[in-house]
Structure formats: structure tokens, C-alpha cells
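Below is a short briefing on salt bridges, aromatic contacts, strand pairing and a surface patch. The structure comes before the notes.

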Amino acid sequence: MSGFEPLIPLAACAGAKAANKAVKEVTGKSIVSHCKSAAKGLRNIVLQKAVEKASKKAEEVLFNQEARAEFKRRLDSLEYLLDDVASNSAMVADPSVVAELEALCSVLKSAASARLDADGRSDALTAIDRHMNSLHLALAANTNKKIQNVEEKLDGVVDGVVEKVGQRLDGALDTIGANVDHKLEGAVKKIGANVEQKVDGAVDRIEQKVGDVEAKIGSDVDMISRRQEKQEQKLDETRGLLTQGLSVMLSFICRVDKGFEFIAALEKELPPGCEIANMFAEARGTRQVHRARVAVDDKASLDALRDRVVLKTEDDSLENAINKALQTTGGERISVNRGAFLESYEQTVMRFTKLTEHQREKLETVRREPVAVLLAHAGAGKTFFAIQRMAQVLSSDPRAMLLFVARNTALAFFVCKWLVYASQESVDRIVDRVHVLVAPFENGPRRVRVEAAGARRRLSLGAAQKCEYALVVVDEAHHLTEDLQLREQLAGVNAAEATLVFLSDASQATEATPDAEKLARSLVNLPRDQAVAVATLSEVVRSTKRIVAGAAAFQLDAGRKAEMSTYTASPGPPLVARIFPVEDDTDDIYAREVVEAIAAIRRQLADLDDLDDRVAVVGPDDAFVERLRGPLDRALDSFAPMSATLASTSDQPPAACGTYVLDRETGGIGGAAYYCAANGLYLYERSSGSWCVGKAHGDKSCKAYASHKGWSFYLNKNWTLRSDITLTFARFELVDAAMASAVWPRVETEARDSSKQWLVVDTVDNMDGLERLVVICVGLDQVIDRGAGVLETRSRLYRAMTRAQLAVAVVNEVLPGGWLEFLGRVELVAGGGYSDAAERGNRAETAADDVVGAVVEETSAPVATHGDATAVSKASSAPARGSDGAQEASPNGAVDAPVAEKAAVDADAATTPSEAEPMKVLQSIWDASAVATVARGDLRFMPFFELDPSKLVELRTLEGHSDRVRGVAVFLDGRRIVSASDDKTLKVWDIATG
């Protein structure tokens, strides 16, 4: 407390001048002086010699000379700014400036009293920068006001002089008129002489006065211009500090004596574009927790770091590389906290404001246009661009209101959270100025509110007062074309008078989408002469190369697909396919297969234990999702939890307490072992309900064990029963997309319940516009016939897969004649490598267009309904299932006779043994090892080029190996072949001569 806080409410009522006076009377100093004192105090606290007990080398690492210099520069800038404010009486009298100074003083004093660590210093600088930015803006506004006052005074002086001269001349003429009869000749001569003399004198004086005023104004204008230029320069510097490179947090656990070696190894192993910005170490017994704040240049660098932290590769993972460099083994191994990294990663992604070079080039034409349509592939940055426009409007006009339009509430909540991170403003300040319009649209615009949910905050919707909007953003516009209710609501808020941004992607649409201008005019009644600017993005930023390539199979418009590229260099793990035969308990099988898919992807992600709100299970419609929830909940209960926490309520917990991560699975919880990197111990079940903690899995000389009485610990060579110990397992809780999007990230609030990890389970429609680290696509396939459901199914597959950032799994029952049947005819190349060029050459670009084109050309047949969304009825071998799971007949011949016959033939081919299986296509996108059947016969959809063995002609037999030939490859020159054989030889052949 500075001593003047109790006077603030009284001073505010009497005006800012009275506030300053009151503060000065009580404390003897002005508010500006208090800020200077607080800044000086913070400088003394932070820049003094490091208090950590460490060597000189450790001190340099924790708070090096460069960091100190940066902190000093920032505080110097603050002192200069406070001098400018103190010298400006008008600013000191401004209530908003006084309030800003109060807040700044509070920040400085809090920071000084806290004796900040590295993270605290970074946060303090961010807060100081924010207040400096506001004061710079206030100085610029005050300067503009001074210029305006000078111009107004000049106009008044000139008008007064002219008016006074006119009055004097009128008086002189009146006098002349009164005496003209009796003194005409003399008066005329006298008047002529006097008037000429007086006018000349008046003109000379006026010209001299005007000259003096002009000189004074010129001097003032020059001075004001120089000051304004200086203030704008400072403002640009402040903005630069606020928007300079972002950083992500990494947490490691290692032995104390490995600390400095670890820092050197980490610095060497970071990917290009990443460097250590700061380090903080905390001792925990014989081990240390190192937290590294890593500065990243761009999204590509951030994704490269994510892959090295999260993906399970023997040689390339960051954890393995550091341990290899330090030659650590067993309990000495250094471990990375992947869950904490991903929390930091997710929020860093939302804080990015830097456009890619491709985005800058393409968006230049629509950046400031009043009506713009942005066309882009899924994950190319449509919503990111909208967020930047929204943040720009909010910062440039403090009274502006925004309207965000989307089909689903989850997307609206997600955009509000993203906008808060991007604008670096408080959540309350942002949501108060953003309204959302979501389905059902007849409810009109809604206000977004922040409310407490226990110890956490969440977003909710409430009634909104009618207002004018400066900017209206319509996301997922391809789903809203010709929506009459939405058009009526947009007309009611005068959307045509606002700046309009429409975001669309024809490949995500479930029906033909009009061109960009027609799309905009279908939703808003624009003037006929209103131009509509259009930009197209073809570079995907969100997903890995494999996800983009796999989803491209279901993408429309082969021309645009050929232009598509990925910004990130990350290939990502192979896409997982789990295709299983149909049985009676289909829902239970689906649930078990989803759990197996999660386990398979988790193995790809280095056994990531924290999957909280990072996995989305996406189904086709509400009916399917509701049927899946119960069986999936039960299946997850039998799945070994990802982690276990042994916790104590005591101030002195035993060393065995900590978070244990699942180490290996040997059949349920009873066979699972959990490892804690913090203490190097294992948690395992010795017998049913009896858990132990030891140095190794199954160690008989355990450090702690649980019985019906409680937990006992081996302390000081004696066993001690403790009643303050609890053991909890991290299990999944199923939530929908709206709930997950509404709740604020856990680092901003109290930690979530450690025993619950959220698993998002929802429909494709409700996941539109959202993204997750991992996406499991469940039950999305349908038979390809001539029904409208063909368009819907293709769209669902493409939209669901492109929600993923890093990993995708597809789970479906065997469906002959379906979109996913081709997975039975592909095989992952050995070695796990990925070549973008090779996959492009292997891809049948027009496969999806050919299927959809055939449907559009013919008359669409009536279709059966699958829950609440349109779907085609399956062929006789796999009839459609209703909301209750029962098989339904196909009304009105939903699948015509030839198609049904073809489906039956495909089903027979899929289940009937054949002497010769079709040749599989080698590719590097899909891991189809868990596909139950091999597709035979002609496929209705095949996104890869196939080689037909029946059309092969034998040209030459090359003889020379004495045992079975295992592999053959052709040289790039096309003239030579190399072969490998079990006879332990490699032979190079000349094709022409043999």
C-alpha cells in the first residue's frame, strides 16, 4: 500500500486535479512520484546480486548480464516516460492517466515485494509494458489535443482582428455621413487622408500581428511534431516489446550434479528457430526441476519443437537425445514433462500474431476491404485471420462492438478465448465487446459472459442488447449458404453497414457451394455496386504433412488440391486405421476399438500420460454419439489409467509421493507399472488392491505399501503408518465440445481434478472450426451409392481428420463399397519415412471429384436417416442402423438394385477366401496393420494409383541368386536393378542385357 489508496474514491469525485492534490497533501508526493519511487525500488530489488545459492556460472545462467541489461533498459524507458507525464499538467489532470498510474504503481510495488524469479520478472515486464503502452497512447492523444487548441486560438485571433477593423471602419463612415452636408469638401480631404493613414497603419499592425502569430504557431507545431514523432517512436518500441518473439515452457527433471551439462545439451539439441530465453532451477532432494523458457521464431519452429518433445522416436526425441549426450541410464535419466509442455504449447499457438509469408501475400488484398471472403483449406488460417482483424478493431476503437457468427456454440467460445490471448487483454474486457450469433439463429445475437464454476471460470451465453457492430465475421460460411433465419438476423443488425468477413471452404461443404460473391450476398443484402474482395489460402498451418495428405483424399477441387502445401515441416506419425468386422454388439466393439486407437496413438506420442482435453472422438451425428457414450465410458474404466498420484496433505510428505506415469501395460491396472521421474521410483500392484512403491517393477524390498489400514512408509529404518496419504488414478471424463471450449485453460485457474482427464466426444458438426492434438474419427463411413449421403460422408471424413494437429485414427466397421474400403489395399512402407513428393506422385487427385461428380450427374435417390443427419442406407450385407441401433429397411429404394447387387458382391469378395490377393499399394500415410479384411475386386473409391497384376507382361527372367529374393529396386536411370536375397548377396542387374 502506498498510503493514498483510501483517498482515491473521494478524489475521483472531485476530479483528477483534486486527486493529485489530495495524494500530495497526505504523502508529500504526487502519483507520478510514487510510480518513480516504486520503479526505483523494483530496480534495487531485481538488479541486486542474485540471492540464489549457486556458483557464478549458475548465476549467469539464471539471470545473466544480458537479462539484467534488458531489465535496466525497460526501467530507464519507464523513468523517461514518467518524466514526460509529470511535465504535462493536462495529463496529470486526466482521470484515466491517474488510474493508469495507480495500476502501474501497484504492479511495481507487487513485483518489488515478491522478489521475482525468472518467470516473475518476465511477467512483471509484460505488465509494465502494458501500462507504458497506455501512457504512450495518452501522451499522443494529449499532443493531438494541444495542436487542435492552438489551431482554434489562431482562428479566434484572426476573426477578432478582422471584426475589430470592420467595426472601426463602420464607425468612421457613420461620422463622415453625419457631417457630409456642411463639411463635404474639407471632410472628404481630411477623411481621405486620415482613412488612408489609419488603414495603412492598421494593415501594417495586422500583418505584423499575423506574422508573429504564424511564427509562434510554426514554432509550436514544430515542437509538437517533434514530440509526437518521439512519442510514436516510443509507442512503436513498446508495441515491439509486446509483440516480439513468443516463448514456450519446457520442464525437465534431472540429478543436481547434471545441471550445467544438461543446459549445454538442451541448447545443442533444440531445433532451428528455437533458443533458450531463460532458465530456472528448483532443487528436490537429489534431483532438480529445470524450467526452460524457449523463444520460438514462428509456428514451424514451435511444431518442430513439439515433435521432438512429444513423438516417440528412438534417436530423434529431445529426451532421448539429451540422455544420450549425457550418457545417463536407469534412475539417472532426464525426463521431460510433456503434459506441462503441451499446456504451454497450446496457449503459445493462440498468442501468435505473425502471419506466414504466404498469408501476408494472399491477405494483402482483403486486409482493409469493407466486404471480404476468405477461401482456404481446413487449417490454413481462416479463423486466425479473423482473430487478427477482430483484435485490430478492438484496439483501434475502444467503443467498437463485434459480432461473430457460427453454427456451433463451441466454436464461438473457442474464438472468444483465442481473441483474449491474441489481444493480451483481460477476458472481461474482451467478451464485453463481442457478441455471438449461433444456431438456432432465431434467438438472435447473444452476449458472452464469464462466470465462476467452482474454482474455475467458464464462458456462457446471455441476452444481448441491440447495438451497431463495427465488424461482423461469419465463420464456416459454406454451411450457412441461403440460411433464411441467419439472413434475417443479419439484416436486423444492419450487417450491410459493418465491415464483413466471410470464411469458407468448399471442400468442407455438404452440398455445392456458390462462388465467393454469391456466398456473401446470399447471407447479407449488399448494395448492388458493393465490391466483394476475395483471397485464397492454400498453405495449411495447423496439421502435419501426413494428416494433410490423408485428408486430401476426401477433398474436392483437384486443381486447388494440387496447389495445397503445408507450412510446417513436420510429417507427423502415420494415420492409424482400425477396421473391424460387424457383430451383434456393434456399439461395444466400437468403444473397445476407440480405446485401442487411443492406446496406439499414445504409443506414438512417447506414452504421453496427460491427454486431458487433447483427444477428440468424433462421430457422424447425435444419435451415434449418444449410443457410443455408455459403452465407451465402460471400456475406458477397464483401460489402464495414464497416470497415478500419490499425495499427502502433510507439510512434510514422504519422498515416495509424486505423480507416477504409466510405464508398461500387461493387462489392466493389475499388470500396470507406473514410474515417477521426480523420485526415480515405481508404483505397482503386488496383489489385488495392494499397491507398492519400489526401485523397480516388482521390487520386493519396497519403500511403501498400501493395505486395508492405509499407507505405510519405510522411514528411518522403521515402518510408519500414515493417514494423510491418498492414491488417485487419472481417468477419463467424457465431455462435449461446447463444455470443453467454455472452460478456461487450467494454467489460468486452479488445477483440474487430477483424477479426471477430459475426453471430448461429439459430432463432426459440433467440432467444426475446432482443433485438438489427436482426433479419433469413429463410424463416419457409408456405402457409396447415388444418394445425397455420399456428399455428406465425404465432407465428414475430411472435416473430422483436419481437426487434428498431430495424430489421427480412423475407427469403422467393415463396409464393402464404402469410402474407407481402400484401407484394406494399402500398406505402410518400411522404415516409417515420409516423402511429400512421392505421395503426390502416388495420389489419384480426382478420385473424390469423380465419385461426387457421378452422384451430382444422376438423380439423387431418397435416403434413410441415420440419427439427425442425412446418410445412405447400407447394402444388404450391412443395413443402416437407426437411433436405437436396430437395423432399418431402405425406404423407397434408397439403394437401387444394381448398387445393392454390387455391394453384395463386394461383401462376398471381402469374406470369401481367394487364391490371389490384390497387390497392395505401398505408401507412407496410413498404418493399416489393424484393418481386418483385404479389399478385393473393384473399389468404388481409391485415392492411390494401383498396379493391375493381370496386365503385367513378363519381359525377362534374371537368374543368379541361390535363395529367395526378398527385395528389388530400380535405379533412377531406369536401366539397372538391384536385388537382395536370402543368399546374403546384393546383385546389380542391367535390364537390357540381364
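**Salt bridges**

Arg843 and Glu845 are joined through their side chains by a salt bridge, 3.3 Å from N to O; the term stands for a side-chain nitrogen of Lys or Arg within 4 Å of a carboxyl oxygen of Asp or Glu. This is a predicted model, in which local features need pLDDT of at least 70 and side-chain atom pairs count only at pLDDT 80 or more, while totals for chains, interfaces and linings use all residues. Residues are numbered from 1 along each chain as its sequence is written, and side-chain values use heavy atoms, with hydrogens and water left out.

- Arg843 and Glu845 are both buried, where buried means under 20% relative accessible area, exposed over 50%, and partly exposed in between (1.4 Å probe, protein chains only).
- The count of salt bridges comes to 22.
- Another salt bridge brings together the side chains of Arg722 and Asp724, at 2.9 Å from N to O; Arg722 and Asp724 are buried as well.
- Asp303 and Arg306 form a salt bridge whose closest N and O atoms are 3.6 Å apart.
- Both Asp303 and Arg306 belong to helix α11 (residues 299–310), 3 residues apart, or about one turn of the helix; helices (H or I, at least four residues) and strands (E, at least two) are DSSP runs, numbered from the N terminus.
- Arg306 counts as buried because its relative accessible area is 1%, and Asp303 is buried because its value is 0%.
- A network of salt bridges links Asp303 and Arg306 with Lys299 and Asp307.

**Aromatic contacts**

- The whole structure holds 18 aromatic pairs; rings of Phe, Tyr and Trp (its six-membered ring) pair if their centres lie within 6.5 Å, with planes under 30 degrees apart counted as stacked, over 60 as edge-to-face and the rest as tilted.
- One of the pairs is Trp691 with Phe729, a tilted pair with 5.1 Å centre to centre and 50° between the planes.
- This pair links distant parts of the chain, 38 residues apart: Trp691 is in strand β21 (residues 690–694) and Phe729 in strand β25 (residues 725–729).
- Trp691 and Phe729 are both buried.
- One aromatic cluster is formed by Phe554, Trp819, Phe822, Trp926, Phe941 and Phe944.

**Strands and sheets**

- An open sheet has 3 strands in the order β35-β36-β37, with antiparallel pairing; two strands pair if DSSP finds at least two bridges between them.
- Its edge strands, β35 (965–970) and β37 (986–990), each pair on one side only.
- On average, neighbouring strands of this sheet are turned by 20° against each other, direction ignored.
- Between β35 and β36 (residues 976–981) there are 5 bridges in the antiparallel sense, and Val965 stands opposite Ser981 of β36.
- Elsewhere, strand β19 (residues 673–676) points Ala673 and Tyr675 one way and Tyr674 and Cys676 the other, and all are buried.
- β19 runs antiparallel to strand β20 (residues 681–687), to which 4 bridges join it; Cys676 has Leu681 in β20 as its bridge partner.

**Surface patch**

- Leu169, Val199 and Val203 make up a nonpolar surface patch with about 190 Å² of accessible area together.
- Patch residues have over 30% relative accessible area and no salt bridge; like charges are joined within 9 Å and nonpolar side chains (Val, Leu, Ile, Met, Phe, Trp, Tyr) within 5 Å.
- Val203 lies in helix α9 (residues 184–243) and counts as partly exposed because its relative accessibility is 35%.

Key: Areas by Shrake-Rupley, 256 points an atom, 1.4 Å probe, with all protein chains shown as cover. Axes fitted to C-alpha atoms, helices over the stretch in contact; angles between N-to-C directions.
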